[in-house]
Amino acid sequence: GIIDRYINVNGAWESHLQHTREFILKSLAGKQPNNLAVLGSGWLLDLPIEDLAGMAGHVWLYDLMHPSQVLHRLKKFSNVTPVKADITGGAVINAFQTVKDYKKNSVKLTPEQICDASFRFPVEPDWIISLNIYSQIGQLITDYLSENITYETGDIDRIVYLLQQAHLKLLSPGKALLISDIREEYFDADGILAGVREHVKCPFPVAEPSESWEWQFDPVGGYIQGQKTVLQVHAFQF
């Protein structure tokens with residue numbers, strides 16, 4: 001649904017996408033990584049893939065799935081490889097399995113059991129970009145779990161915390177970038193703040209972001225009916 005939302009907001013994302021691409025290029029200026037890993041490459045909307053392919057020996061794009069349009073676009077790059085992978089290390093299949101088991105025998109896994117694995121790079125990178133995926137790692141899984149199983153709020157928050165903690169451990173100090181929305185803000189028709197949803201459960205290891213900006217995620221009121229949604233984005237250079 002991400003590409004549909006991008007189309008439906010009529011260019012409202014462009015400032016965010018441009019900020020993201022510029023932050024990546026500025027942070028990697030003058031560097032020539034042999035193996036550059038991108039976690040959460042998606043539709044490549046926010047990734048300056050042409051520039052990265054020109055500066056890196058090889059670019060590895062990791063995501064749970066790669067749209068066919070993206071795979072077609074990448075054919076022109078001899079040094080860019082899309083890798084289909086669960087960057088949680090197994091929490092996706094664990095969540096699926098616990099829903100299956102719960103429906104069969106009413107037994108559910110604990111947060112620690114769901115998050116008991118860790119991701120391993122098939123090719124060790126010397127630079128990593130975490131690309132607008134940090135806030136989604138836990139949310140997609142916990143939304144699925146909550147639709148099928150009754151979990152306490154503390155358990156849901158714990159799952160998100162553990163998955164975000166594991167993600168941060170993938171990022172090598174001095175050789176990693178992380179771009180992520182940290183909260184949603186909802187505004188009514190009069191532009192008055194109507195609600196806030198925090199996305200970060202596991203705090204970042206650095207106190208202050210390198211850069212911050214707003215993402216006009218949904219100015220048309222489709223995501224939260226009748227409300228404008230703005231995401232606050234922080235970008236870090238570890």
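Contact here means heavy atoms within 4.5 Å. The model is predicted: local features need pLDDT of at least 70, side-chain atom pairs count only at pLDDT 80 or more, and totals for chains, interfaces and linings use all residues. Residues are numbered from 1 along each chain as its sequence is written, and side-chain values use heavy atoms, with hydrogens and water left out.

**Exercise 1. Describe how α5 packs on α7.**

Step 1. Compare the axes. Helix α5 covers residues 91-105 and helix α7 covers residues 134-148. Their axes come within 10 Å and cross at roughly 5°. Axes are lines fitted to C-alpha atoms, for helices over the stretch in contact, and angles run from 0 to 180 degrees between N-to-C directions.

Step 2. Classify the angle. The crossing makes α5 roughly parallel to α7. Angles under 35 degrees count as roughly parallel, over 145 as roughly antiparallel, 65 to 115 as roughly perpendicular and the rest as oblique.

Step 3. Name the residues. From α5 come A91, V92, A95, F96, T98, V99, Y102 and K103. They meet I141, Y144, L145 and N148 in α7.

Step 4. Sort them by type. The contact of α5 with α7 has 9 nonpolar, 2 polar and 1 charged residues. Ala, Val, Leu, Ile, Met, Phe, Trp, Tyr, Cys and Pro count as nonpolar, Asp, Glu, Lys and Arg as charged, and the others, Gly among them, as polar.

**Exercise 2. Work out how β2 is paired and covered.**

Step 1. Find the partner. Strand β1 (residues 35-39) and β2 run parallel, joined by 5 bridges. Two strands pair if DSSP finds at least two bridges between them. N35 has H58 in β2 as its bridge partner.

Step 2. Recall the rule. In a regular strand, side chains alternate between the two faces of the sheet.

Step 3. Check each face of β2. H58, W60 and Y62 lie on one side, V59, L61 and D63 on the other, and all are buried. Strand β2 (residues 58-63) has 6 of its 6 residues buried, so it is largely enclosed by the rest of the structure.

Step 4. Zoom in on L61. L61 counts as buried at 0% relative accessibility. Beyond neighbours within four places in sequence, its contacts include V38, L44, L74 and V83. L61 and A85 are 24 residues apart in sequence, yet 9.4 Å apart in space, C-alpha to C-alpha.

**Exercise 3. Explain why the structure holds 0 disulfides.**

Step 1. Recall the bond. A disulfide is a covalent bond between the sulfur atoms of two cysteines. The cut-off used is a pair of cysteine sulfur atoms within 2.5 Å.

Step 2. Check the distance. The closest cysteine sulfur to that of C115 is in C202, 12 Å away, which is too far for a bond.

Step 3. Check burial. C115 is buried at a relative accessible area of 16%. C202 is buried too, at 6%.

**Exercise 4. Find positive phi values in a turn and in two loops.**

Step 1. Recall the rule. Most residues other than glycine have a negative phi.

Step 2. Take the hairpin. Strands β5 (residues 176-187) and β6 (residues 193-198) run antiparallel, joined by 5 bridges. E184 stands opposite R197 in β6. The hairpin has 5 residues between its strands, and G191 in the turn has a positive phi of about 80°.

Step 3. Take L44. Its phi is near 65°, positive in a residue other than glycine. L44 lies in the loop between β1 and α3 (49-55) and counts as buried at 3% relative accessibility.

Step 4. Take N132. N132 is not a glycine, yet has a positive phi of about 50°. Its place is the loop between β4 (127-131) and α7. N132 counts as buried at 5% relative accessibility.

How values were computed. Helix = DSSP H or I, 4+ residues; strand = E, 2+ residues; numbered from the N terminus. Buried < 20%, exposed > 50% of the residue type's maximum accessible area, 1.4 Å probe, protein only.
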